[in-house]
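Colleague: I'm new to this one and would like to learn how to read it. Could you walk me through a few features?

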Amino acid sequence: MYKNQEILDYTVGAKNRPADDYAWPADDHLIPDWVYTSQSVYEREMERIFKGRSWNFVALEAEIPNPGDYKRSYVGPVPVVVSRADDGSIHVFENRCAHRGAEFCRSSRGHAKEFVCPYHQWSYDLKGNLQGIPFKRGVNKQGGMPREFRNEDHGLFKLRVTTRHGVVFASYSADVEPLEEYLTPEILKDFDVVFPGKPLRILGYYKNELPCNWKMYHENLKDPYHATLLHSFLVVFGLLVAGNDSAMIADPVHHRHGTMASAKKEDKYAAVSEENKKEMRSFHDGMRLQDDRFLEFVKEFDSPWSVTMQTIWPNLVVQREMNTLGVRQIVPNGPHSMLMIWTMFGYEDDTPEMTRHRLRQGNLMGPAGFLGLEDNEAMKFVQEGVRRSSLDTNVVKLDAGNVGTATSLISEAAIRGMYRYYREVMGWEKA
């Protein structure tokens, strides 16, 4: 039996409290558990972030190269369709028939001349405009739509669209800043290394569900501290390890985007001091590869980094782990779950040998990759912890005097920067 009725009421009702009832801790180094568990907070995130002044990743142009090509995608949890019209233009609209709300597009990808709702066969062109209604004027002069009904007033809900070097973004906002300004030059520098404007070649897809809050994935890739501790593969084989040249780069305007970067040394196995080994339980001296080709790094980019993992707010991860390339799309699925859609790619001018190398090295990534498994499990453990204790807070005090960009791997400055922006968008003042 709880001695403090106030604590009992708080704990039992925390998931159902209105978002306005929450107050952020006065200390910038604390993150309240309710940002990961509250349904009302989640609903506010969907409106203010994913439907707010954000550019959301929806597709790569290489997935819809020809007129008539389309792809199902998401903006937050909202299903959308990305299509290329006959004139080559790209359009994004909600996957919801304007008549009775059915999801009319059921295939992940395909080619079509029009979209037809399976329920009542309302049809739409590739730009989302309503073009046909069965029995619009009724039968035998009975029934049908009223005379004042106009097709142009009943098209699909359309989003704003922009692209950069083959990457497609969409927004619900009429006043979101231009994409280049949204990303900032500091983030574009490494974004444009992966997307220099040359044609991409899609290599494959993964899709998995993670039992954690969607923001945890942003935190994970703004957290170089865990990378040196959790991932045996990273530290033993020198992909991201204390002592390497590395950085955690945040955009200087809002700190919402970030790039975790590292430069692998020439040796295939990491040279780690005895002092650092004592701090890293994940380091195993005896771990070796049966096939050393797996860790070959072909210098193909004009970049000081061999690894860059970019988080583009609110739903995109751009991965460059040596020569394996991909994007990950974050799809929120309630406060306790998210979907991750992975698209792996190379370039059209890759040799067959380079394509095989990318595919071989791609085993690092994906839901069952040598690096992905440990992150998935760790975030599950965090979600299980915070969902049972809405009174507690997370502590992010590493590199305490810094917010945003950090030159040390032992830092949580980028996480604090992200939540400073998040708190502003969500409308919470400090307690």
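**Cavities, helices and rings**

Modeller: Let's start inside: the second largest cavity holds about 50 Å³ of space. Before we go on, this is a predicted model, where local features need pLDDT of at least 70, side-chain atom pairs count only at pLDDT 80 or more, and totals for chains, interfaces and linings use all residues. Residues are numbered from 1 along each chain as its sequence is written, and side-chain values use heavy atoms, with hydrogens and water left out.

Colleague: What is a cavity here, and how is its volume defined?

Modeller: On a 1 Å grid over the protein atoms alone, a cavity is a set of points where a 1.4 Å probe fits but cannot get out, and lining residues have an atom within 4 Å of a point. Points are joined across faces, edges and corners, and the volume is the space filled by probe spheres set on them. The structure has 2 cavities of 30 Å³ or more.

Colleague: Which residues line the second largest cavity?

Modeller: Among them are Trp24, Asp28, Arg416 and Tyr419. β1 (30-32) and α12 (413-426) are the elements that give two or more residues to this lining, and α12 has the largest share, 4 residues. Helices (H or I, at least four residues) and strands (E, at least two) are DSSP runs, numbered from the N terminus.

Colleague: Is Tyr422 buried or exposed?

Modeller: Buried means under 20% relative accessible area, exposed over 50%, and partly exposed in between (1.4 Å probe, protein chains only). Tyr422 is buried at 0%, and Tyr419 is buried at 2%. Ring pairs also link both into a cluster with Tyr22, Trp24, Trp34 and Trp428.

Colleague: Where do the buried residues of helix α10 sit around its axis?

Modeller: In α10 (residues 352-361), the buried ones are Met354, Thr355, His357, Arg358 and Gln361. They fall within an arc of 160°, so they line one face of the helix; the arc is that of the directions from the helix axis to the C-beta atoms. The face turned away from that buried side carries the exposed Pro352 and Glu353.

Definitions and conventions: 1 Å grid on protein atoms, 1.4 Å probe; cavity = no way out; pocket = protein on both sides within 12 Å on 5 of 7 lines; lining within 4 Å. Phe/Tyr/Trp six-rings, centres within 6.5 Å; stacked < 30°, edge-to-face > 60°.
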